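Subject: Structure handover

Hello,

Please find the structure below. My notes on what was found in it follow.

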Amino acid sequence: MTIDWQALGTVLGVTLVATVGLVGLFTLGIVGLSKTAPAAGGQGGGGAAVLARAAGYLCFAACAAAVSWGIYLIVA
């Protein structure tokens, strides 16, 4: 039995990049939604808050799409 080290390294590299990318995207989504929350006693809103909320939802949608694609690849 032999091990294809190049293929193993490729799988390791892709896994690390995908994991860090998905965690980073999810983190950006959380940060985007937390920027829209009104400060304690202050008024939340404005154009920047709407843009941050939209970016947060877009990050979550990208994470959901990536997870769905991964499940599709496993099942198919």
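What percentage of the 76 residues of the protein chain count as buried? The figure is 11%, where buried means under 20% relative accessible area, exposed means over 50%, and partly exposed lies in between (1.4 Å probe, protein chains only).

Some background before the details. This is a predicted model, in which local features need pLDDT of at least 70 and side-chain atom pairs count only at pLDDT 80 or more, while totals for chains, interfaces and linings use all residues. Residues are numbered from 1 along each chain as its sequence is written, and side-chain values use heavy atoms, with hydrogens and water left out.

Overall make-up

The protein chain has two helices and zero strands; helices (H or I, at least four residues) and strands (E, at least two) are DSSP runs, numbered from the N terminus. Accessible areas come from the Shrake-Rupley method with a 1.4 Å probe, and for residues only the protein chains shown count as cover.

The helices

Helix α1 covers residues 5–34, and T27 is placed in it. T27 counts as partly exposed because its relative accessibility is 40%. From T27 to F60 the C-alpha distance is 9.2 Å, although the two are 33 residues apart in sequence.

Helix α2 covers residues 47–75, which is 29 residues. From its first C-alpha to its last, α2 reaches 42 Å, close to the 42 Å expected at 1.5 Å a residue; the expected span is 1.5 Å times one less than the number of residues. The buried residues in α2 are A49, A52, G56, C59 and C63. What covers them includes α1, with contact meaning heavy atoms within 4.5 Å.

A54 is also placed in helix α2. At 42% relative accessibility, A54 counts as partly exposed. A54 and L33 are 21 residues apart in sequence, with their C-alpha atoms 8.3 Å apart in space.

The cysteines

The structure holds zero disulfides, a disulfide being a pair of cysteine sulfur atoms within 2.5 Å. C59 is in no disulfide, and its nearest cysteine sulfur, that of C63, is 7.0 Å away. C59 is buried because its relative accessible area is 14%. C63 counts as buried at 9% relative accessibility.

The nonpolar patch

L22, V67, I71, I74 and V75 make a nonpolar surface patch of about 490 Å². Patches are made of residues with over 30% relative accessible area and no salt bridge; like charges are joined within 9 Å, and nonpolar side chains (Val, Leu, Ile, Met, Phe, Trp, Tyr) within 5 Å. A salt bridge is a side-chain nitrogen of Lys or Arg within 4 Å of a carboxyl oxygen of Asp or Glu. α2 gives the most to the nonpolar patch, with four residues. V75 lies in helix α2 and is exposed, with a relative accessible area of 67%.

Regards
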